[in-house]
Amino acid sequence: MTKNIIEAMNINKIFNLGMENELHILKDMNLEIDRGSFIAIVGPSGSGKTTLLDILGCLLKPTSGEVLIDGVITNELNDNELAHIRRDKIGFVFQQYNLISSQTALENVELPMRIAGVHRKDSRRRAEKLLRTVGLGERMYHRPPHLSGGEQQRVAIARSLANRPRIIMGDEPTGNLDSKTGKDILDLLKRLNKEENYTIIVVTHDLRIKKYAKRIINLRDGRII
Amino acid sequence: MLDLAYKNIMRQRTRTILTALGILIGIGAIVALGSIAEGIDTMVQSGLELTAGKITVMEKDAGFFGVMGELTDEDMEVIEGIGGIREIVPMLFYMENMIPMQGPEWTAIGIDPSKGEYFIGENAEMEDGRMIEEGESGVVVLGYTIANRYNTEVGDFWTIKEDDFEIVGVIEKTDISDIDTSIIVDFDDLMDVTDSDTYQMIYVIPDDIKDTERIAENIEDASERLDAMTTKEMARQAGEIVDQIRIFTFAIGAIAALVGGLGVMNTMIMAVMERRREIGVMKAIGATNRMVLTQILTESALISLIGGIGGIILGVIGSFFVSSIFGGGQITAVVTPMLALTGLLFALLLGVVGGFYPARKASKLDPVEALRYE
C-alpha cells in the first residue's frame, strides 16, 4: 500500500486548447495527499479549485501530468476504467446534493451499489445502515423533495459511502446550507474522517473549515500558494 | 435495472402513455391487417383440400380461382385425347352480385351430379334432404353456411337469374369455405340459365394419383390455351399470393408504427435532456457509458413494449371488425401467435432503434458538464 492515497505530478489543465479562448486553469501542480487526512481546497473563484477536484475525482483528465489514485496511474485509463475507479474508490458529495428526485432516500443510497452489481438484499441492508449512521433512520422512504437541504446532504453523504470508497470528495458541500446545518455536515464529515479513516477532500468557501481540516490547500490562478 | 426504467418512464406518465399510443396504433394496424392475410391463408388452405389428387385446368392467365377463364368443349376434347385419365369434370361458376373487395353475394357451381363427389368430396354427408340425382333438372343443393345465412330449407326455392330452383338438400358443415358457401346446380341447368357456352374450370382426375404431375404436363403440352395445375402447384401459387398480401399488410402497418417509433425517439431525446444532471450523477458515482446506454435503451424499449402489447390487444379487437368488413363473411381474420409475436418484436425493434440515438447521446455526456448543468 502506497503511503499517499493521491499523488498529482506536474498536472496542467488547459481548456479550449489552441483556440482563441484558451484557458490555462491548472499550472504545473504537484500534490500529495496522505491516507486518512482531511484536506480543504480554498481560493477565490476562478482559481481552479473545482477543476482540481474534478481531476482528482477522475471526472476530468488533465491536459498533461500524472494522477495516481490509491497507487493506480489514471492517465492511461479509458472511460470505463475511470468509471470503475469512481465507483470503487471515490464518493462524491455536491453542493446541489444531486440526488435522484424520483427515488427514495434509501434507493438513492443503494444506487452506487446497484451500479456495482451488489446483490439487492445486501445493498438494501447496507443502505439502511448508512442512513442510520448519518441520522436519517426515520426518513429512509422519503423522496428528496420532501427532505430539507441538510437531510438531502446527509443522504448524499450516505450515498458516497455506499461502495466503501477510500476518498470522499465534496464540492462546496455546505454551500447551499444555513450555518447551523452546514456545521452539522462538517461535523459528520469530521466524524467519518476520525472514526472510519476516510480521506476527505472538500472544496469550499466556508471559513469554518479551518477548524476541521488538517491541511488547507490555497489556490491562486492555478497554482498552490 | 428494469424497475428503475419503469420508474423513470412513469415520471412523465402522460408523455409515456401518448408515446406508447403511437406504437400501439401502428402495431394494432399490423396485427389487424395481418389477420386478414392469415384469414385468406386459412381459406386458401381449406380450398386446396378440395383439389387434392386432382388437376385443375383453367385458361392460361385466368384469375386465380378461374373467375374469368373461358373453356370450351374443344378444350375438353384435347384433354380427352390424353391417356391415363379417369374422369373429366367441367365446372361452371356463376357469381351473384359481385361486389368489389367483398366478393359475390353467393356463388352457384354447375357440376354434373354424377361427378358431384369430386367437388364436395366422397365423404360429405347431407344435413338435410338429398343430392341432385343424375338427369334431374330444376333443383339445387345448398352449402351449410349459405342455407343458414338465407334461412332457407329443403322445399324452398332458390332463384338464379330468372329461374326458380327447388332446394332438395343441404350439405352438412364441412369447414371448407368453397363448399359451405356454394349453391350446387346441375351443370347443364346452370349453362342454360346463365346462357353460357363456356365454363371456367375443368377438374381432371387421373387413373393413378402418381401420374398427376405427368398428366398436368401433358395437358399443357397439348394445348397452348390451357393451364393445368396440381395441388402442389396451386399451393405454391396460393402461398406466393398470400405472402404478397402479408407483406403488403405489414408494410401499411409498419409505416404507422414507424411514425410511432419517431415518437419514441422524440420522447427519449427530451427525457435525456431533462435528466442530463441525473445522468451526470450516475456517471460520477461509477456508471459506465454502457450502463447509461443500456438504461436509456431499456426505457425506450419498455415504452415500445407497452405500446406493442396494447397494439396486439387492439389488433385482436380490430380483426373482428376486419372479418365483418372484408370478404363478406368468407374470410375469418385470425391473429396467429406468429403474427402477435411479429407485432411485439417489431415494437421492440422500434424502441431499440428509436432509443439508440438518445441513449448514445446520454452515454457520451461529459459528467462534469452534466453535473453542473442548470
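Val140(B) touches Trp158(B), Phe165(B), Ile167(B), Ile183(B), Ile184(B) and Val185(B), leaving aside residues up to four places away in sequence, where two residues are in contact if their C-beta atoms, placed from the backbone, lie within 7 Å. The structure is a predicted model, in which local features need a pLDDT of at least 70, side-chain atom pairs count only at pLDDT 80 or more, and totals for chains, interfaces and linings use all residues. Residues are numbered from 1 along each chain as its sequence is written, while chains are lettered from A and ligands numbered from 1 in the order in which they are written.

**The core around Val140(B)**

Val140(B) is, with Val57(B) and Ile183(B), among the residues with the most contacts inside the largest nonpolar core, which has 162 residues. Such a core is a set of buried Ala, Val, Leu, Ile, Met, Phe, Trp, Tyr and Cys residues joined through C-beta atoms within 7 Å. A residue is buried if 20 or more other C-beta atoms lie within 10 Å of its own, exposed if 12 or fewer, and partly exposed in between. Helix 2 (residues 13-50) of chain B gives the largest share of this core, 14 residues; helices (H or I, at least four residues) and strands (E, at least two) are DSSP runs, numbered from the N terminus. Because domain 1 (2-44 + 238-371) and domain 2 (61-224) of chain B both give residues to the core, it lies between them. These bounds come from an automatic or database domain assignment, and the C-alpha centres of the two domains of chain B lie 48 Å apart.

**The two chains**

The table sets out some values for each chain.

| Chain | Helices and strands | Span along principal axes | Buried residues |
|---|---|---|---|
| Chain A | seven helices, 10 strands | about 50 × 40 × 35 Å | 46% of 225 residues |

Chain B has a radius of gyration of 29 Å, well over the 21 Å that the globule rule gives for 374 residues, so chain B is more spread out than a compact globule. For chain A, with 225 residues, a compact globule would have a radius of gyration near 17 Å, and the value of 17 Å for chain A agrees with this. The radius is taken over C-alpha atoms, and the rule is 2.2 Å times the number of residues to the power 0.38.

In chain A, Lys194(A) has its place in helix 6 (residues 179-196), and it counts as exposed because it has 12 C-beta neighbours inside 10 Å.

**Where the chains meet**

In the contact between the chains, 17 residues of chain B touch 18 residues of chain A. On the side of chain B that touches chain A, helix 10 of chain B gives the most, with five residues. The residues of this side divide into eight nonpolar, four polar and five charged, where Ala, Val, Leu, Ile, Met, Phe, Trp, Tyr, Cys and Pro count as nonpolar, Asp, Glu, Lys and Arg as charged, and the others, Gly among them, as polar.

**Confidence**

The predictor gives the complex an ipTM of 0.92 and a pTM of 0.76. Chain B averages a pLDDT of 87, with 95% of the residues scoring at least 70; pLDDT is the predictor's confidence in each residue, from 0 to 100. Among the elements of chain B, helix 12 (residues 337-363) has the highest mean pLDDT (95) and helix 4 (residues 117-120) the lowest (78).
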